[in-house]
Protein chains: 2
Amino acid sequence: MPVSDLTTSAQDYLKLIWSATEWSSEPITIGAMAERLGVTPSTVSDGIRKLAKQGLVEHAPYRSIELTPTGREHAVTMVRRHRLLETFLVETLNYRWDEVHDEAEVLEHAVSDTLIDKIDTLLGHPTRDPHGDPIPAADGTPHRPAAGPLAATEPGTNVTITRISDANPDMLRYFAELGLKPDTRLTVLGQRPYADLTNIRIEENGHEIDLGSAAAEAIWVVAA
Amino acid sequence: MPVSDLTTSAQDYLKLIWSATEWSSEPITIGAMAERLGVTPSTVSDGIRKLAKQGLVEHAPYRSIELTPTGREHAVTMVRRHRLLETFLVETLNYRWDEVHDEAEVLEHAVSDTLIDKIDTLLGHPTRDPHGDPIPAADGTPHRPAAGPLAATEPGTNVTITRISDANPDMLRYFAELGLKPDTRLTVLGQRPYADLTNIRIEENGHEIDLGSAAAEAIWVVAA
DNA sequence: CATAAATGTTAGACTAGCCAAACAAACATG
DNA sequence: CATGTTTGTTTGGCTAGTCTAACATTTATG
């Protein structure tokens with residue numbers, strides 16, 4: 001069964017479950033899903049039960065949610081669509097990287113596999129989207145760089161930004177103004193846990209700034 | 001209310017009603033709509049009643065269907081979306097002109113106004129789609145060339161193809177093989193109404209061929 | 001370790017789109 | 001111009017997604 005035979009909400013559920021374990025590894029809860037999708041927990045509970053009946057997730061009532069191999073395949077397909085679309089919107093249609101998330105969120109349910117292939121070809125098989133997130137290959141193999149959040153990086157370390165969460169467009173605009181984007185090099189000057197601040201220097205322009213914890217959690221880095 | 005607030009089926013209904021009067025001028029019937037949309041008449045009857053309640057169509061039971069000004073505005077927006085998307089798929093993503101109809105049919109419900117504007121800009125504000133159909137401007141003004149179907153053209157006339165109906169992809173592929181596309185010049189050699197055949201010469205390559213009535217109705221021409 | 005708080009599930013109701021079958025109006029023709 | 005055929009409408013039923021409110025289970029804590 002192709003992914004396009006799933007309802008759009010089933011596609012959203014699978015993608016969300018997969019995304020939750022892309023960077024952390026704690027499985028997502030019904031409540032957290034409801035929160036992210038903007039629906040009530042009862043809706044998600046019901047939806048998950050239907051996905052389980054279709055063999056796309058494993059779920060015993062009141063217990064955790066796991067993707068089956070088939071479910072994971074569909075989820076990765078949706079993530080691939082989303083990230084290729086984001087890249088396409090930026091590269092080909094002159095969108096800014098902070099504008100593409102919502103547009104891709106809708107388009108990913110409407111595009112055909114043919115269109116995705118054409119985009120992939122036109123862009124030369126890109127491996128990262130505009131926020132630095134890896135684009136899974138057509139065969140579904142993901143590649144997860146050994147990155148961690150800026151908030152958890154030791155002071156004194158030289159790092160390179162790998163990815164920036166695209167969840168909050170306002171935050172993305174702020175990062176863009178500061179010159180923070182994938183591949184930007186930073187030095188972590190200090191962590192002040194009680195103030196929830198991370199102090200960094202941006203090597204490209206020498207600016208020293210403080211980031212709150214929401215920001216320092218959204219930026220993922222690897223040692224330079 | 002923006003067009004994106006309508007359900008996708010409402011968008012389809014409005015577009016279809018508008019399209020029915022683009023080239024002919026007989027208003028469409030419930031039955032014809034059902035046929036084109038692949039649903040039963042009862043579904044359409046119900047849908048039209050809802051559109052009337054929203055002030056998008058005028059419809060007294062058992063009588064004809066007319067778009068209100070608001071309804072027409074939304075319909076033209078959808079036609080504009082469809083034709084710009086078709087053009088974009090051909091120009092930017094290397095689709096063939098016979099492949100784009102179905103893809104655009106789905107995408108037109110998912111794209112934002114912003115995306116349509118970006119496409120329009122990228123393509124340099126095109127005025128015709130790959131099949132020769134006029135693309136309504138953003139302000140909704142359509143432009144309808146003084147064209148008529150090839151089937152109704154006097155023998156001996158020199159004509160230029162203005163548009164080719166995109167309803168049937170197989171037919172489009174056949175036309176493409178013959179070299180029939182917008183701006184191709186033809187001479188109508190004869191009309192044989194009882195055999196339902198139109199005999200033409202393609203000026204570009206000198207070929208003389210017969211077209212059945214379905215084909216000769218799908219090709220619209222103007223005197224050269 | 002019993003109980004309260006947090007979390008998840010079920011039940012019943014609503015909307016939108018669709019269908020089949022029963023019904024109503026309009027139209028076409030003998 | 002009356003009647004039968006064609007066309008359109010209504011009714012009741014189905015699915016999918018959503019909600020609220022009632023209920024059940026798990027977890028955390030006093």
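Predicted model: local features only at pLDDT ≥ 70, side-chain atom pairs only at ≥ 80, totals over all residues.
A polar contact is a pair of N or O atoms within 3.5 Å; within protein, one atom must be able to donate a hydrogen and the other to accept it, and residues adjacent in sequence count only if both atoms are side-chain atoms. With that rule in hand, six residue pairs in polar contact are counted between chain B and chain A, both residues of each pair being at pLDDT 80 or more.

The contact draws 18 residues from chain B and 18 residues from chain A. The size of an interface is often given as the accessible area lost when the parts come together. For chain B and chain A, the buried area is about 1,400 Å², and carbon and sulfur atoms give 68% of it. On the chain B side, B:Leu93, B:Leu115 and B:Lys118 supply 35% of the area that chain B buries against chain A, more than any other three residues. Helix H4 (69–93), helix H5 (100–107) and helix H6 (113–122) of chain B each provide at least two residues of the side that touches chain A. Of the elements on that side, H6(B) gives the most, with five residues.

Between them the two domains of chain A bury about 1,200 Å², with 56% of it on carbon and sulfur atoms. Three residues stand out: A:Trp23, A:Trp97 and A:Asp98 supply 49% of the area that domain 1 of chain A buries against domain 2 of chain A, more than any other three residues.

Charged and polar pairs also link the two domains. Across the interface of domain 1 of chain A and domain 2 of chain A, the rule finds three salt bridges and five residue pairs in polar contact, both residues at pLDDT 80 or more. Elsewhere in the description of chain A, a salt bridge joins A:Asp133 to A:Arg163, whose closest N and O atoms are 2.4 Å apart.

Next come the sheets. Strands of a sheet pair through backbone hydrogen bonds, either parallel or antiparallel. In chain A, six strands form an open sheet in the order S3-S8-S4-S5-S6-S7, with antiparallel pairing. Its edge strands are S3 (148–149) and S7 (208–212) of chain A, each pairing on one side only. S3(A) and strand S8 (residues 219–223) of chain A are joined by two bridges in the antiparallel sense, and A:Gly148 has A:Val221 as its bridge partner in S8(A). Helix H7 (residues 169–178) of chain A packs on this sheet, touching strand S4 (158–164), strand S6 (197–202), S7 and S8 of chain A, and its direction makes about 170° with that of S7(A).

Chain B has an open sheet of six strands too, in the order S3-S8-S4-S5-S6-S7 and with antiparallel pairing. Strand S3 (148–149) and strand S7 (208–212) of chain B each have a single partner strand, so one side of each is left without a neighbour in the sheet. Strand S4 (residues 158–164) and strand S5 (residues 185–192) of chain B pair in the antiparallel sense over three bridges; B:Asn158 has B:Thr187 as its bridge partner in S5(B).

How values were computed: Residues numbered from 1 in each chain as written. Chains lettered and ligands numbered in written order. Heavy atoms only, no water. Pairing = 2+ DSSP bridges. Helix = DSSP H or I, 4+ residues; strand = E, 2+ residues; numbered from the N terminus. Buried area = accessible area lost by both parts, 1.4 Å probe. Salt bridge = Lys/Arg side-chain N within 4 Å of Asp/Glu carboxyl O. Contact = heavy atoms within 4.5 Å. Axes fitted to C-alpha atoms, helices over the stretch in contact; angles between N-to-C directions.
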